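Keep the model open beside you as you read.

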Amino acid sequence: MMLYIDTAEASEIKRFMATGMFSGVTCNPFILKAAGLGPSTARQLYDCAVGCGAKQLFLQAVGATPEAQLEQALYYRSFGPEVVVKGVGTAAGLSIVAQLVRQGVPTLVTALHDAKQVVGAMAAGADYVAPYLSEMYASGRNGVEEVLTMMRILSATGSRTRLVMAGLQDIPTLVQLAVAGMDHLTMTPAIADTLFAQPETEAMGAFFERVVGG
């Protein structure tokens with residue numbers, strides 16, 4: 001199981017990476033901006049994440065033109081080998097991903113809303129794809145069914161492309177997808193806190209401490 005924390009806040013990265021349960025950090029331009037960062041200061045995020053032990057940092061390239069996006073993607077990759085470049089799953093975005101793949105850059109195709117988009121991501125050679133579960137539901141789709149279909153496509157074709165589940169809003173859905181075989185999950189700090197909180201278990205832990213202490 002590979003877990004990623006979806007944030008650009010240094011305090012949250014330090015908190016969750018210290019648990020030893022998270023493999024890395026994911027973010028997007030909105031999350032980066034919310035943390036007071038941007039393309040010119042994204043190196044701070046890299047230094048924080050990798051310094052805390054992140055094996056992967058997913059950074060999304062943006063730009064007014066495909067050339068500008070490609071330039072930013074290569075700039076992000078220059079930070080270090082831990083960087084995985086994210087590109088949006090549009091026709092233009094997939095073309096940029098394909099170029100990056102040819103240059104040996106690990107990539108993730110993001111913002112997937114429909115199972116058919118996995119086909120394009122595989123053709124581009126992407127290492128990862130990220131379906132946006134909450135946004136699928138917002139657009140009227142059955143998000144879980146779309147994700148399960150994506151998983152079946154990848155399995156049936158023997159693809160090396162891996163799903164990284166994004167947009168999780170509740171723990172029951174997380175469990176449902178884990179039962180189906182989803183083993184790469186990114187989550188907000190709020191969802192992560194809920195995942196690891198269990199009052200009954202915490203009460204038993206406190207009980208055992210009292211027994212030992214008494």
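Helix α4 (residues 66–77) and helix α5 (residues 91–102) pack at about 40 degrees, with their axes 10 Å apart, so α4 and α5 are oblique to each other. Here helices are DSSP runs of H or I with at least four residues, numbered from the N terminus. The axes are lines fitted to C-alpha atoms over the stretch in contact, and angles run from 0 to 180 degrees between N-to-C directions. Angles under 35 degrees count as roughly parallel, over 145 as roughly antiparallel, 65 to 115 as roughly perpendicular, and the rest as oblique.

A note on what you're looking at: this is a predicted model, where local features need pLDDT of at least 70 and side-chain atom pairs count only at pLDDT 80 or more, while totals for chains, interfaces and linings use all residues. Residues are numbered from 1 along each chain as its sequence is written, and side-chain values use heavy atoms, with hydrogens and water left out.

Back to the pair: α4 passes α5 in a right-handed crossing (the near helix is turned clockwise from the far one by less than a right angle). On the α4 side, P66, Q69, L70, A73 and L74 meet I96, Q99 and L100 of α5, where contact means heavy atoms within 4.5 Å. Sorted by class, that contact has six nonpolar, two polar and no charged residues. Nonpolar covers Ala, Val, Leu, Ile, Met, Phe, Trp, Tyr, Cys and Pro; charged covers Asp, Glu, Lys and Arg; the others, Gly among them, are polar.

Now follow α5 to its other partner here. α5 and helix α6 (residues 117–124) pack at about 30 degrees, with axes 8 Å apart, which makes α5 roughly parallel to α6. L94, V97, A98 and V101 of α5 make the contact with G120, A121 and A124 of α6. By class, this one has six nonpolar, one polar and no charged residues.

What about the cysteines? The structure holds zero disulfides, a disulfide being a pair of cysteine sulfur atoms within 2.5 Å.

Definitions and conventions. Helices (H or I, at least four residues) and strands (E, at least two) are DSSP runs, numbered from the N terminus.
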